Every structure is written in structure tokens, then in C-alpha cells.
Amino acid sequence: MSSTSETGIVLMNLGSPDSTNVPDVKRYLSEFLMDKRVIDYPWLIRKIVVDGIIVPRRSPKSAEAYKSIWWKEGSPLIVLTKQLQAAVKEELSDVPVEIAMRYGHPSPQYAFGKLMKENPQLKEVVLVPLYPHYAMSSYETAVEYAKEIYHKKQYPFKLTIIKPYFDDEAYIDALADSMRPYVEQDYDHLLFSYHGVPVRHIRKGDITGQHCLKVNDCCNVASEAHKQCYRHQVIFTSMLVAQKLGIPKEKWSVSFQSRLGREEWIQPYTASEFEELPKRGKKKLLVACPAFVSDCLETLEEIGVEGKHSFLEAGGESFTMIPCLNTNPSWVKAVSKWCTEIKEGQREMAV
């Protein structure tokens, strides 16, 4: 059924294996880890390391991890992204909304094609990367992949991309709203756990070439580098949310999860914090994962299962993982607000 809308929306998330079967997990891991913005080694070295070592070793274990969190409807990340799509559609009844994934299905090509087929008068597509913070291995790779397909296929519509929204008021309000019921309960500490990146990526992403990890307290010293500095952006998000919720500085902290390989990644590591916090008297723990807007393997299994076990084994008494934004009404309104502003000619949220 075609419509007369001149604007369409694509919500773009990370992606997921098609199933929990080892071959599907292998295929997904290979596509993900062969991405030059995830493992930025020369192609041949990447190919040997990824397809020769990492994927064969990790696939069976990852398949088991996926099985432990898989829903009857499918991958939690895909299901939740579809639920967000439905919620935004309901909020913006006259604007078509599709979803796309950086890895796996559906692809940006499928989403763009469906929008064009069903909306003959389409003039602009607003791409909403479901990554609040700029990182080479998340926001950047999703955007560049979508742009590559857009230019290759020479679509007639204009592609407008939402910029990182780590400090946007609507996003911070949504995050605070989603966390408020949890921080109103009794707890000792709130840990903001973000997906980690190699230290090398932080230095490589420094657009000034002379700020990140070179200037003392670099994340809190104003710089153009912050536009693409993941470390600065996640710290800033945490600070804004803590302020919004009235959480004192001594009661929250930031850490980084999902480390891969032996090189140095940004610290402190979440796994280490789970072991250390009980020793510091932080026995009742809340954990939020704002790098993800949809719950997925990294939140449900890595934090909700493995992390909880580690923390309790280390002497913790209670562990609560705060769900991601998912379809929180304030989050749905934030996404809808940005897209409506673009549609009405306001470009503040556009790259």
C-alpha cells in the first residue's frame, strides 16, 4: 500500500545473528569483526585473525550465550527495534518508518528500497543511528555503511542523518525517566557500564591530533576533539543523567565492558569493577548500559547474567540491571521529536 509521505525514517541498530545456530552466529561474527572500523588492522591480518582464530573459537560459546537470552519471537535486539519502530509509527502516524541493521538483516538497502516502493513521492529519508555516542566501531561504521549504500544505489531522495545525541536534552530526559524508578529504591552505587573501545581508537579518532589522552584530564577540558570522542561523550552522558536524578558524585561511576583481545582498552573495566565494588562497601548495585538503546547480548547476558554472578560471588548483596531505553515513552517521543524537526526544516539534529 503506497502513501503520499515525502519523508521516511530508518532506525538503524547494530544487528544480530539470524538464529542461535552456530553457522548463523559464525556468519554474524565474521561480518561484524571483519569490519575495518571494529578491528582496524590491514585486511589480510584481520582475515587471518578473525576467520582463522577468533570466529572458530568464539562461535560455539557465543551461540550458547545467545540461546540463554533468545526470546520466542527472536533476537531481543531485533524484536525491541521492531517495537520501537511500531511505537514511533504510532507517534508519527503520517510518516513511514523502517528499520535497518549494520550487520545481518534487514539491510539499509532493504529499508531504503521498501520506503521508495511504498512512498512514490519520497524526497527525504531521516536515518536515526541507534547509537547515542560517537565511536568508530558503532556510530561511524553504521553511518558510513548506510551512506555507502545510498551513494552506490544513487537513490533519488535526500539522506539526512541524526547526529550523536549523547548530550541532547530529550535523550538525557528519556534516560533519566527510565532510570528514576530504580534510583528511588535503596542502593549503594550506580555503575554506568558502556561498551569499551581500544585506547588506540580514542587516539585515532582525535580530530585535533593533540588532545585525547594527551592533555591532562582531557575529557573535561574543552576541545573540538570531543565531537568524535567516545570517552568524553559517555562520561558527559553519565554526568548529565546523574545531575538530572540528583545522584551525588560519590554514588556513581563509569566503566567499560566487552573487551576483546589483549591490547589496552579504555578503563576501568566493568568486569574488574564487579569484583572491586563489594570490597569498597558497595554491596547493593544498580547497573545501567546507556551505550545501548535496546537490550541485547551485551546487556542481558554479559551484564545481567555474567556480571551479576561475578558481583555476588565477590561479596555483593543485590544486583539490578536497569533495562535499556527500549520503548520507553520518553525515548519514543525523543526520536519522534528529532524526526519531526527535520521534516519541518529544523536541522539542529542533523549531521
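## Charged pairs, cysteines and a pocket

Within helix α12 (residues 329-343) lie both Glu341 and Lys337, four residues apart, which is about one turn of the helix. In this predicted model, their side chains meet in a salt bridge with an N to O distance of 3.0 Å. Glu341 is buried, with a relative accessible area of 16%, whereas Lys337 counts as partly exposed at 39%.

Side chains of opposite charge can pair when their charged atoms come close. The structure holds 22 salt bridges, and the table shows some of them.

| Salt bridge | N to O distance |
|---|---|
| Glu341 and Lys337 | 3.0 Å |
| Glu98 and Lys114 | 3.2 Å |
| Lys284 and Asp186 | 2.7 Å |

Glu98 and Lys114 meet in a salt bridge; Glu98 lies in strand β2 (residues 97-103) and Lys114 in helix α4 (residues 108-118), so the pair ties together parts that are 16 residues apart in sequence. Glu98 counts as buried at 8% relative accessibility, while Lys114, at 25%, counts as partly exposed.

Lys284 forms a salt bridge with Asp186, and this pair links distant parts of the chain, 98 residues apart, with Lys284 in strand β7 and Asp186 in the loop between α6 (169-183) and β5 (189-195). Lys284 counts as partly exposed at 28% relative accessibility, whereas Asp186 is exposed at 57%.

A disulfide is a covalent bond between the sulfur atoms of two cysteines. The structure holds zero disulfides; for Cys289, the nearest cysteine sulfur, that of Cys324, is 5.8 Å away. The sulfur of Cys296 also has its closest cysteine sulfur in Cys324, at 6.1 Å, which is too far for a bond, because a disulfide needs the two sulfur atoms within 2.5 Å. Cys289 is buried, with a relative accessible area of 4%, and Cys296 counts as buried at 4% relative accessibility.

The second largest pocket holds about 420 Å³ of space. It is lined by 18 residues, of which Tyr134, Tyr139, Lys163, Pro164 and Val351 are the closest to its centre. Helix α5 gives the most to this lining, with five residues.

On the surface, Trp43, Leu44 and Ile48 form a nonpolar patch with about 360 Å² of accessible area together. Trp43 belongs to helix α2 (residues 43-69) and is exposed, with a relative accessible area of 51%.

Conventions: Residues numbered from 1 in each chain as written. Predicted model: local features only at pLDDT ≥ 70, side-chain atom pairs only at ≥ 80, totals over all residues. Heavy atoms only, no water. Patch = residues over 30% accessible without salt bridge, like charges linked within 9 Å, V, L, I, M, F, W, Y side chains within 5 Å. Areas by Shrake-Rupley, 256 points an atom, 1.4 Å probe, with all protein chains shown as cover. Salt bridge = Lys/Arg side-chain N within 4 Å of Asp/Glu carboxyl O. Helix = DSSP H or I, 4+ residues; strand = E, 2+ residues; numbered from the N terminus. Buried < 20%, exposed > 50% of the residue type's maximum accessible area, 1.4 Å probe, protein only. 1 Å grid on protein atoms, 1.4 Å probe; cavity = no way out; pocket = protein on both sides within 12 Å on 5 of 7 lines; lining within 4 Å. Points joined across faces, edges and corners; volume = space filled by probe spheres on them.
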